[in-house]
Each structure stands twice: as structure tokens, then as C-alpha cells.
Amino acid sequence: SLRKNFTNLAFTNESVEKIFTKTFVTISFSSSVIEDSLNSEVPVILMDQWKRYIHCKIKYDDNSPIYYVDNYESLNQAIKKILKMKRFNFDEYIYGSLSKDNIKDKVFALIN
């Protein structure tokens, strides 16, 4: 029934990892898919038309993989910029090791 109301909504049983191999950008406002996208080295546009969310410090340098927008004009500009980009700097937004190692090294260090 959702397909009738949302004609551009796609449904799939594919894994997130496989979907990200076909994706050039993720648009989200509050979701764990943001981290999944960045860890898959897919840029993210944080769409916040209600101006309620800011997930991280965002630097709009030439190769930033994260864009924060709060209106459709800015969204279009961000998409155009991402389409022109050749490389993105994901280093500030992802960890190179496994999640369990990050938790052990970062979180447990804070509580001990």
C-alpha cells in the first residue's frame, strides 16, 4: 500500500552494503544510516528542514563528505556539488577499525 502513496519509494531485500555500492549520496535527517553511509564512503546530506538536528561539526571544505541543509535550494546545491566531486575526505568521520575495537578503545576508556 505504501507504493501507491509514495511512487518514488523503492523497496528491496538487498543488504545495506550492496545498496551503498550503487549510491552516490545518502539524504537523511536522523538515522543510523548516516553512519552506515559514511562507513561505506558514501557522502551524506543531512536534510533538516525543521532545523532540529545537528549531528556533528560540519566543515564545508572542498572534499567534505557531509553537507547540512535546511531547504530545498541548498539540497539541490549540495547534490550538484557532490556529483562534481572526485574524492571525499572521510577520515574525520569514520574509524578505520572494527566497531567492537572502537567501543573497547574509546567508550570503555571513558568509563574506566
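This is a predicted model: local features need pLDDT of at least 70, side-chain atom pairs count only at pLDDT 80 or more; totals for chains, interfaces and linings use all residues.
**Overall layout**

The protein chain has 112 residues, and 24% of them count as buried. Five helices and three strands make up its secondary structure. Read from the N terminus, the order of elements is α-α-β-α-β-β-α-α.

**Around Leu9**

Leu9 has a relative accessible area of 41%, so it is partly exposed. Together with Leu2, Phe6 and Phe11, Leu9 forms a nonpolar patch on the surface. The accessible area of these four residues together is about 380 Å².

Leu9 also takes part in the lining of the second largest pocket, along with Asn8, Ala10, Phe11, Thr12 and Ile19. The volume of this pocket is about 210 Å³.

**Around Met47**

Now turn to strand β2, which spans residues 44–47 and includes Met47. Because buried means under 20% relative accessible area, Met47 is classed as buried at 10%. Tyr67 is 20 residues away from Met47 along the chain, and the C-alpha atoms of the two are separated by 8.4 Å.

**Two residues side by side**

Here are the two residues with their accessibility values.

| Residue | Relative accessible area | Class |
|---|---|---|
| Leu9 | 41% | partly exposed |
| Met47 | 10% | buried |

How values were computed
Residues are numbered from 1 along each chain as its sequence is written. Side-chain values use heavy atoms; hydrogens and water are left out. Patches are made of residues with over 30% relative accessible area and no salt bridge: like charges are joined within 9 Å, nonpolar side chains (Val, Leu, Ile, Met, Phe, Trp, Tyr) within 5 Å. Accessible areas come from the Shrake-Rupley method with a 1.4 Å probe; for residues, only the protein chains shown count as cover. A salt bridge is a side-chain nitrogen of Lys or Arg within 4 Å of a carboxyl oxygen of Asp or Glu. Buried means under 20% relative accessible area, exposed over 50%, partly exposed in between (1.4 Å probe, protein chains only). On a 1 Å grid over the protein atoms alone, a cavity is a set of points where a 1.4 Å probe fits but cannot get out, and a pocket is an open set with protein on both sides within 12 Å along at least five of seven lines; lining residues have an atom within 4 Å of a point. Grid points are joined across faces, edges and corners, and a volume is the space filled by probe spheres set on the points. Helices (H or I, at least four residues) and strands (E, at least two) are DSSP runs, numbered from the N terminus.
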